[in-house]
Amino acid sequence: STPATTDAIPADVSPPAMVTGLAATGGDEEVILAWTNPVDADFMGVKVVRKTGSAPADINDGALIYDGTGQTFTDSGLINGMGYFYAVFAYDEVPNHSLGVCADATPRDTIPPASVTGLTAVAGDGAAALSWINPADADFAGTKIIRKVDTAPVGINDGVQVYDGTGTSHADNDVINGIHYYYGAFAYDEVPNIAAAAYADMTPRDTTSPADPSCLVATAGNARADLDWNDNTEPDLAGYNVYRS
């Protein structure tokens, strides 16, 4: 008799190639992932696994956060400042899984609060009265006021810091009459991310007249009057005007 024969179909045990170019970019409470899928004919998709502390060793070592054929994914709802590790595994229809390609990232708050509004600088005698409205952002941490002569400050290091806090007004008493000053108000958060500045400018001026001289005495003479008085002592006294009526 003729022996029976059986044609066996070998099982597919070869996974597709690994993904390439995996990049993980941290954002505000999120990580943006991007990669390139392999071109194998039996490629069916990728699985993205996330883990903290160390990279996932396989598809069961962590949280599965994506399963599909795309090449980007945004992992949101994360904690800023915590390190996250990712592995991307390509697979075929069996499924056979390729080795994982790994990347890690730490999400960070990169968005500043809104800018302060309504900044005003009112000139006084050797002083400037500043006021403003702070933003209502939940992560607002404070406002820095920067002063500069002749031009507006372009950042928190471009000039003299005259205030740092959560208030909405400040008296700058360290200015010189006749000099043109610019102020920049920069709101910031706890990172700190610095908001765009609000600006105001002013020139302080002496608006206070010296005191009147005291003990004025007029002594009549021959077609003349001799005047005498006690000088006052203000350092900005420039002279006296005497009028006759």
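Student: How do I read a charge over a ring, and which residue lies over the face of Tyr91?

Tutor: Look at two limits: NZ of Lys or CZ of Arg has to be within 6 Å of the ring centre and within 35 degrees of the ring normal. Here Lys47 lies over the face of Tyr91, 5.3 Å from the ring centre. There's also Lys144, whose charged end sits over the ring of Tyr188 at 5.1 Å from its centre.

Student: Which pLDDT cut-offs apply to these features?

Tutor: This is a predicted model, so to speak of local features you need pLDDT of at least 70, and side-chain atom pairs count only at pLDDT 80 or more, while totals for chains, interfaces and linings use all residues. Residues are numbered from 1 along each chain as its sequence is written, and side-chain values use heavy atoms, with hydrogens and water left out.

Student: What about rings with rings: how many aromatic pairs does the structure hold?

Tutor: A ring pair is described by the distance of the centres and the angle of the planes. Rings of Phe, Tyr and Trp (its six-membered ring) pair if their centres lie within 6.5 Å; under 30 degrees between planes is stacked, over 60 is edge-to-face, and the rest are tilted. This structure holds 3 such pairs, and one aromatic cluster is formed by Trp35, Tyr66 and Phe73.

Student: How many helices and strands does the protein chain have?

Tutor: Both are DSSP runs numbered from the N terminus: H or I over at least four residues for helices, E over at least two for strands. The count is 0 helices and 16 strands.

Student: How do I read strand pairing, and which strands does strand 9 join?

Tutor: Two strands pair if DSSP finds at least two bridges between them. Strand 9 (128-133) is joined to strand 8 (residues 117-123) by 5 bridges, antiparallel, with Val122 opposite Ala129. Strand 9 also runs antiparallel to strand 12 (residues 169-172), through 4 bridges, and there Leu130 stands opposite His170. The hairpin of strands 8 and 9 has 4 residues between the strands, and Gly126 takes a positive phi near 65°.

Student: Which residues of strand 9 make up its covered face?

Tutor: In a regular strand the side chains alternate between the two faces of the sheet. For strand 9, Ala128, Leu130 and Trp132 are on the covered face, and Ala129, Ser131 and Ile133 are on the uncovered one.

Student: Next comes Asn134: buried or exposed?

Tutor: Buried means under 20% relative accessible area and exposed over 50%, with partly exposed in between (1.4 Å probe, protein chains only). Asn134 counts as buried because its relative accessibility is 17%, although it is found in the loop between strand 9 and strand 10 (140-149). By contrast, Val39, in the loop between strand 2 (30-36) and strand 3 (43-51), counts as exposed at 82%.

Student: What does the Asn134 side chain make a polar contact with?

Tutor: A polar contact is a pair of N or O atoms within 3.5 Å; within protein, one must be able to donate a hydrogen and the other to accept it, and residues adjacent in sequence count only if both atoms are side-chain atoms. The Asn134 side chain has such a contact with the side chain of Thr143 at 2.8 Å. A polar atom of the Asn134 side chain also lies 3.0 Å from the backbone oxygen of Thr166.
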